[in-house]
Each structure stands twice: as C-alpha cells, then as structure tokens.
There are 2 protein chains.
Amino acid sequence: MTDPQPVLAALADPTRRAVFERLNNEGPATASQLASELPVSRQAISKHLGQLDAAGLVDRVSSGREVLYSAQVGPLGDIAGWMEQVGSDWDDRLQRLKESFD
Amino acid sequence: MTDPQPVLAALADPTRRAVFERLNNEGPATASQLASELPVSRQAISKHLGQLDAAGLVDRVSSGREVLYSAQVGPLGDIAGWMEQVGSDWDDRLQRLKESFD
DNA sequence: TCCTTTCGCAACCGTTTGGTTGCAATTACC
DNA sequence: GGTAATTGCAACCAAACGGTTGCGAAAGGA
C-alpha cells in the first residue's frame, strides 16, 4: 500500500487543485499558460507544478524552450486505496462487535 | 457537490490522519487517551481533533468531565465524489477526442 | 543579429501551521 | 472538603507555506 501522504498534501491546496483540474479537463498546458488563466504569478504556478509533479499527479514533457504539463490520475488510486482500508477496518470492527454477542 | 477542501486539508497532516485511523480501527477515545498513545502533547491532539471535527470526520460526545471522540467516515465521500468527477471529466475529454475523428 | 518569450533559480515576506508550556475551571473520588 | 484527573483557553515559537519580485539563461522568430 503506497503512502497517500504526498497526494493528499498536494491536493489539499485550492490553487494546486485548480491547476490539476484545469489540466485534467482541458488538457495539457505550460506554466505561463496556466498563470495567464489563474490569478497567480507564473512562479507560484511553477512551484505548485513542482509539488504536483513530486506527487506524480502531473507529467512534464519539455520540447524546446517550453514545458508542457499534463494531469496524471494514477496517484488518486493511493487515496482510494487508503479510504478503502479505512472502510475495511471499520467493517472489521463491526464484525468483531457482532462476534462479541455470540 | 460538497467541497472536498476541508476533508482534504484535515487528512493531509500525518498526525491528524494517525488520530483518525486510530479512532476508526480501535474505537472511540478521549484526547488524553490519544495523547498517551501518540508522541505528541494532549494540546496538540486536542487541536487536531478540533480540525477533524470541523471537517466532520469526528464525532464528540461529552459525558461528565471527559469528551469521547469517534471517527466518522461520511465526509470521505466528499473526496470520493471529487475523484469521481475528475474521472468523468477525463472520460468526457476522451469522448470529445473520439468524436473529433468522426 | 537582435528582440521576445519562456523557463529556472534565488531571495524575500507575511501568514499559517504544528507544536509546546502554563494556567484556570470543572468533575470525580477519598 | 481536599485532592487528583481531565478539559479548555491563551500565549508563544520555530518552521513550513503560498506568494511575490528580480534576474540570468536558453530557445525562437524578425
């Protein structure tokens, strides 16, 4: 089970989530492009992209002087996996509770 | 669609997630109890419980001088909902791409 | 070649955050 | 009633965070 920490931390910031959503539902873009669409500087976007990249939520392909970023949904599975485990732990507890009445 | 922000922010911290997991898979506990099991002060735990409570991830029942906290899995649905939407947006994009070849 | 664009690095800044300690108040127990 | 335990509030602190500006370097187009 991979640690959900980096993904959760990356998605906890609204701007970062906005960037991710933008990349996800409107396709790849460069940092400058994103900066022109969102109310923050390019540097801020760039830092956020760095963190998204570290969490695997984004893929960077550089060609020439520009770097194109695209959303990667894979790491969302880490969160799903964690939630799944939380659910099963809860089921286990219910099971144990039920068995305590046998 | 409820905002996943509070839940994501609440779960982004490792200690907070540890508290939540502890409550989820070992049942209710008080702040003092949790503090004795985790390597942080009671006050730190108390603050974390406050944030978990604000996100709806915890239920507080006070009786006498002590307050018993228990995990609430409901708000995890907010995250699930958000991820679902991300997925469907991605599907939409695939659909549009496919249609562009008609 | 020169100018523009895009990027990356670094410094800096105010605010938030996770954590601590100290103290007063309420509840339980002897 | 007195003492021990549990909670809540407040102040404080260092570090991380989100954001900005400035600048130098590399790539493209005139």
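**View 1. Hairpin of S1(A) and S2(A).** S1(A) and S2(A) make a hairpin with two residues between them. In the turn, A:Gly64 has a positive phi of about 70°. The model is predicted: local features need pLDDT of at least 70, side-chain atom pairs count only at pLDDT 80 or more, and totals for chains, interfaces and linings use all residues. Residues are numbered from 1 along each chain as its sequence is written, while chains are lettered from A and ligands numbered from 1 in the order in which they are written.

**View 2. Pairing of the two strands.** Strand S1 (residues 58-63) and strand S2 (residues 66-71) of chain A pair in the antiparallel sense, over six bridges. Strands pair if DSSP finds at least two bridges between them. Helices (H or I, at least four residues) and strands (E, at least two) are DSSP runs, numbered from the N terminus. A:Asp59 stands opposite A:Ser70 in S2(A).

**View 3. Where chain A touches chain B.** Here 19 residues of chain A are in contact with 19 residues of chain B. Contact means C-beta atoms, placed from the backbone, within 7 Å. On this side of chain A, helix H1 (5-11), helix H2 (14-26) and helix H5 (76-99) each supply at least two residues. The largest share, nine residues, comes from H5(A).

**View 4. The two copies.** The same surface serves both copies: 100% of the contact residues of chain A recur in chain B.

Definitions and conventions: Contact = placed C-beta atoms within 7 Å.
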